[in-house]
Amino acid sequence: MDHSPSIITQVTRDEEENATGPLTGKGANEVSPSKKPRSRGLLHSLFCCLCHKESEPPAVKNNAPLLVEENGTLSKQVPARPLLPRIKSNDAEKICVVIDLDETLVHSSFKVYVLKRPHVDEFLKRMGELFECVLFTASLSKYADPVSDLLDKWGAFRSRLFRESCVFHKGNYVKDLSRLGRDLNKVIIIDNSPASYIFHPDNAVPVASWFDDMSDTELLDLIPFFERLSKVDDIYDFLQQQRTSS
């Protein structure tokens, strides 16, 4: 049981800086929130930010190119290929849970080290047993892939998605859940950045950003919540009940 954060790798983010400029948090265009003490209940903190929804974002075309015929007319748009492969038979009845990396599971000190959030081992092990888990980060794969190799000891992540799978929208890298190739009523996203799930706020389980608080128990506290959620048929009713009661 990991009661305190530990260094999992000396991975440097120099290459990512060269590609995008100096990073703060998840990407050059995302600003990590300042550290604040947690004073509210867990479920209240999970869902309070969803009570004040932003206006409905514009429809996303999945970045599919427009095809122009020789006569100049536009042909029917070709649907984008799903981001995820066909679901495996042993995951067929499971909810798909999209899990963020930076400030959710780990914290990267630029050019120095990557810290594990307390209880991340217990959390990932149990999540891998209950769900079809997918790592989805706005970081580049050259940084996030080796970190994930060291972090995921149990093969909890069935797939990994990186910055190139995001949609760049109003200065943020958004994780468009409609592109996964899964039914949205069986998709959850766990992320510390509301901008990441602005297209699908009703599918989100927000978590507090983590930097270096050794007494943090958020991931541990979430395990019973997800054990209950794993048994529901439609995630929207369950999450709505939690928002109402929190």
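Keep in mind as you click that this is a predicted model. Start with two helices, H3 and H5, and show their side chains: Val120, Glu122, Phe123, Arg126, Met127 and Leu130 of H3 are in contact with Leu219, Leu220, Leu222, Ile223, Phe226 and Glu227 of H5. Colour that contact by residue type and you get nine nonpolar residues, three charged ones and no polar ones.

Now look at how the pair is arranged. H5 covers residues 218–229, and H3 packs against H5 at an angle of about 15 degrees, the axes being 9 Å apart. Angles under 35 degrees count as roughly parallel, so that is what H3 and H5 are to each other. Their crossing is left-handed.

Which ones are buried? Val120, Asp121, Glu122, Phe123, Leu124, Met127, Gly128 and Leu130.

Now bring up the sheet. Five strands make an open, parallel sheet, ordered S6-S5-S2-S9-S10. On average, neighbouring strands here are turned by 20 degrees against each other, ignoring direction.

H3 packs on this sheet too, touching S2 (96–99), S5, S6 and S9 (187–191). The direction of H3 makes about 155 degrees with that of S2.

Last stop: zoom in on S5, residues 132–136, which runs parallel to S6 and is joined to S6 by four bridges. Pick Val134 and you'll find Ser159 of S6 standing opposite.

Definitions and conventions
Residues numbered from 1 in each chain as written. Predicted model: local features only at pLDDT ≥ 70, side-chain atom pairs only at ≥ 80, totals over all residues. Heavy atoms only, no water. Buried < 20%, exposed > 50% of the residue type's maximum accessible area, 1.4 Å probe, protein only. Pairing = 2+ DSSP bridges. Axes fitted to C-alpha atoms, helices over the stretch in contact; angles between N-to-C directions. Contact = heavy atoms within 4.5 Å. Parallel < 35°, antiparallel > 145°, perpendicular 65-115°, else oblique. Left-handed = near helix turned anticlockwise from the far one by under 90°. Nonpolar A, V, L, I, M, F, W, Y, C, P; charged D, E, K, R; others polar.
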